[in-house]
Amino acid sequence: MQKILVTTDFSDKSKAGLLFAIQLASQNKCELTFFHVYHVSIPTAWNFTRIEEYEKEQANIILDKLNTFVEKIYKGLNFPKSVKNCVVKS
């Protein structure tokens, strides 16, 4: 199975890339991985444990945002869902 990495920053322009990738995957058997890179500013006064907790919280929030973003696009296209993964990285 072919794999396609689809990056997004949640903008309208990146939405066009997602639309294209989803349409391509619907014509071929492709596994889609939707990928978002983010940066979280962290106060320097926090200890290591608090930083780890905060980074995990933010990663979960952003992953939920990515899943929602992708699901809305799929619903708008009325395409069957192909194999897909959503990944976020700090």
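What covers the buried residues of α1? In this predicted model, local features need pLDDT of at least 70, side-chain atom pairs count only at pLDDT 80 or more, and totals for chains, interfaces and linings use all residues. Residues are numbered from 1 along each chain as its sequence is written, and side-chain values use heavy atoms, with hydrogens and water left out.

The cover of the buried residues of α1 includes β1 (2-7), β2 (30-37) and α2 (48-77). Helices (H or I, at least four residues) and strands (E, at least two) are DSSP runs, numbered from the N terminus. Buried denotes under 20% relative accessible area, exposed over 50%, and partly exposed in between (1.4 Å probe, protein chains only). In α1 the buried residues are Ser-14, Leu-18, Ala-21, Ile-22 and Ala-25. Seen down the axis of α1, these residues fall within an arc of 100°, so they line one face of the helix; the arc is taken over the directions from the helix axis to the C-beta atoms. On the other side of α1, Asp-12, Lys-13, Phe-20 and Gln-27 are exposed.

Ser-14 lies in helix α1 (residues 12-27) and has a relative accessible area of 12%. Its side chain forms a polar contact of 2.8 Å with that of Thr-8. A polar contact is a pair of N or O atoms within 3.5 Å; within protein, one must be able to donate a hydrogen and the other to accept it, and residues adjacent in sequence count only if both atoms are side-chain atoms. Apart from neighbours within four places in sequence, Ser-14 is in contact (heavy atoms within 4.5 Å) with Thr-7, Thr-8, Asp-9 and Phe-69.
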